[in-house]
Amino acid sequence: MLDFAAIDFETANSERTSVCSLGVVVVRGGKIVDTFYSLIKPEPNYYNYWCQRVHGLGHEDTDGAPIFPQVWAQVEPLIEGLPLVAHNKSFDESCLKAVFRCYQMDYPDYEFHCTCVAAKRKLKQLPNHQLQTVAAYCGYDLRFHHNALADAEACAHIAMQLL
């Protein structure tokens, strides 16, 4: 796969609609050509302890952030016509669908691929198939795990090798 957009969401709580940050990495011709990162005011707007502990974001980061439709208006032209790739696509795809429903936006039925599934199929020798493990195997140093843009970049590097 030479042309795609890697995507990663972080959420504020257990609700899939509570996306609080988004990272996107656009790959064309097998090279990263663009990146996008934004904080997002989550819906519902509360943070649970466990999510906040994972990514370190809280109200002080997102209370002044744009809502999802404003952010997606910037992302949509970047990813137009591209398949989406995520590590554990079931999470990111469900977040995207949920937040589209929440804001009553028409979901364009994006084509999604999963680097975690690809890693499980092709890299059976790894002790696990978590993003940081697979990224390290593929030569990407994921220093800022759970930053949405860093995770999307790791996913893009994995996808360039495995998909």
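**Loops, a pocket and a helix**

Asn88 is found in the loop between strand 4 and helix 4; helices (H or I, at least four residues) and strands (E, at least two) are DSSP runs, numbered from the N terminus. The model is predicted, and local features need pLDDT of at least 70, side-chain atom pairs count only at pLDDT 80 or more, while totals for chains, interfaces and linings use all residues. Residues are numbered from 1 along each chain as its sequence is written, and side-chain values use heavy atoms, with hydrogens and water left out.

Asn88 has a positive phi of about 75° although it is not a glycine. Its relative accessible area is 37%, so Asn88 counts as partly exposed (buried is under 20%, exposed over 50%, partly exposed in between, with a 1.4 Å probe and protein chains only). His146 is another residue to look at for its backbone: its phi is positive, near 80°, and it is not a glycine. His146 sits in the loop between helix 6 and helix 7, and its relative accessibility of 29% makes it partly exposed. A further backbone feature is the peptide bond from Glu43 to Pro44, which is cis, with omega near 5°. Pro44 belongs to the loop between strand 3 and helix 1.

Two or more lining residues come from each of strand 1 (4–11), helix 1 (49–55), helix 4 (89–102) and helix 6 (131–137). Strand 1 gives the most, with 4 residues.

Helix 7 has 15 residues, 148–162, and should span 21 Å at 1.5 Å a residue; its end C-alpha atoms are 21 Å apart, so expectation and model agree. The expected span is 1.5 Å times one less than the number of residues. Among the buried ones are Leu149, Asp151, Cys155, Ile158 and Leu162. The buried residues of helix 7 pack against strand 1, strand 2 (19–28), strand 3 (31–39), strand 4 (84–86), helix 5 (115–122) and helix 6.

Leaving aside neighbours within four places in sequence, His129 is in contact (heavy atoms within 4.5 Å) with His87, Cys116, Ala119, Lys120, Leu123, Lys124 and Val134. The backbone oxygen of Leu123 lies 2.9 Å from a polar atom of the His129 side chain.

Gln52 lies in helix 1 and is partly exposed, because its relative accessible area is 29%. Not counting residues up to four places away in sequence, Gln52 touches Tyr47, Leu57 and Gly58. Arg101, in helix 4, is exposed, because its relative accessibility is 60%. Arg101 and Asp8 are 93 residues apart in sequence, and their C-alpha atoms are 18 Å apart in space.

Notes: Polar contact = N/O pair within 3.5 Å; in protein donor to acceptor, adjacent residues only side chain to side chain.
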